[in-house]
Amino acid sequence: MFDSHAHLDFSEFDHDRRALMAAMKAAGIGGAIIPGVSREHWLKQKAIAHQLQLPYTLGIHPWYCPKTLTECDQSLAALRTELMTANDSLMVGIGECGLDKPKAELAPDNPAHVSWNLQYRVLNGQLALAAELKLPLILHSVKTHNELLGMLKQYSLPRGGVVHAFNGSYETAIAYLELGFKLGIGGLLLNKNAKKLRDTVSKLPLDALLVETDSPSMTPHFLPEKRNTPLTLVQIIAEMANLQKNSNVLISEHLQQNLMQLFEL
């Protein structure tokens, strides 16, 4: 098993990162892709990826979008430089990037507010880089599937990517698949009330799916610990196998192949 999306560079893991890696290995989890979130985080992120020998992507997450047009363009220029000069076999794509409507709808004086125009500009810049450099994308979408699909159709993205933490309908899933994207399925699948997602996963071909935890976020509701970890993969894959009416081994092997193919691991 391999987690397609875990922020193992975040401070929540600073005190026990090595112990967690040992626990993952014992559970049959080979590692995780560490997505980037902002220019300020990249240095630590890359250092930890190299310490742990795990693949990573670099990107600008909508939550961490700079607050001015000038800073956005500076971050995009820095990202371009990082990607062009990386010469690093562990660097496998662009992201996490995308759109987040609730963040744009917050009051402008709220520190978590990120204007729609700036989110859009930063995502456009990253889509252009993915097209130019032929790198896969890790996409974030919260209440923005229509807008995101519209933007993706404007670019030729030969490597596609993954829509992480997917929680859409079967029809939305098919629209992404037709554009060459896979769907990252996380801990929400374990919530019996997530009927739309569970129905979608039961119907989709296995080639369409990746498995992820988004650690340390998106902790399944029944776990006592607030911090999520890649160890949750075991339960997510078991539930996916249940919905797909297949064995855990076949599911995990197929998902591993999907990941290796998409990110050329």
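Against which elements do the buried residues of α6 pack? Before selecting anything, note that this is a predicted model, in which local features need pLDDT of at least 70 and side-chain atom pairs count only at pLDDT 80 or more, while totals for chains, interfaces and linings use all residues. Residues are numbered from 1 along each chain as its sequence is written, and side-chain values use heavy atoms, with hydrogens and water left out.

His145, Leu148, Leu149, Met151 and Leu152 are buried here (under 20% relative accessible area with a 1.4 Å probe, protein chains only). They cover an arc of only 160° around the axis, which puts them on the same side of α6; the arc is taken from the directions from the helix axis to the C-beta atoms. The buried residues of α6 pack against β2 (91-100), α5 (116-133), β3 (137-142), β4 (161-163), α7 (170-178) and β5 (181-185), where contact means heavy atoms within 4.5 Å.

Next, select β5, where 5 of its 5 residues are buried. Phe181, Leu183 and Ile185 point one way from β5, and Lys182 and Gly184 the other way. β4 and β5 run parallel and are joined by 3 bridges (strands pair if DSSP finds at least two bridges between them), with valine 162 opposite lysine 182 in β5.

Finally, go to arginine 198 in helix α8, residues 195-203. Arginine 198 is buried, with a relative accessible area of 13%, and, not counting residues up to four places away in sequence, touches Leu189, Asn191, Lys192, Glu239 and Leu243.

How values were computed
Buried means under 20% relative accessible area, exposed over 50%, partly exposed in between (1.4 Å probe, protein chains only). Helices (H or I, at least four residues) and strands (E, at least two) are DSSP runs, numbered from the N terminus.
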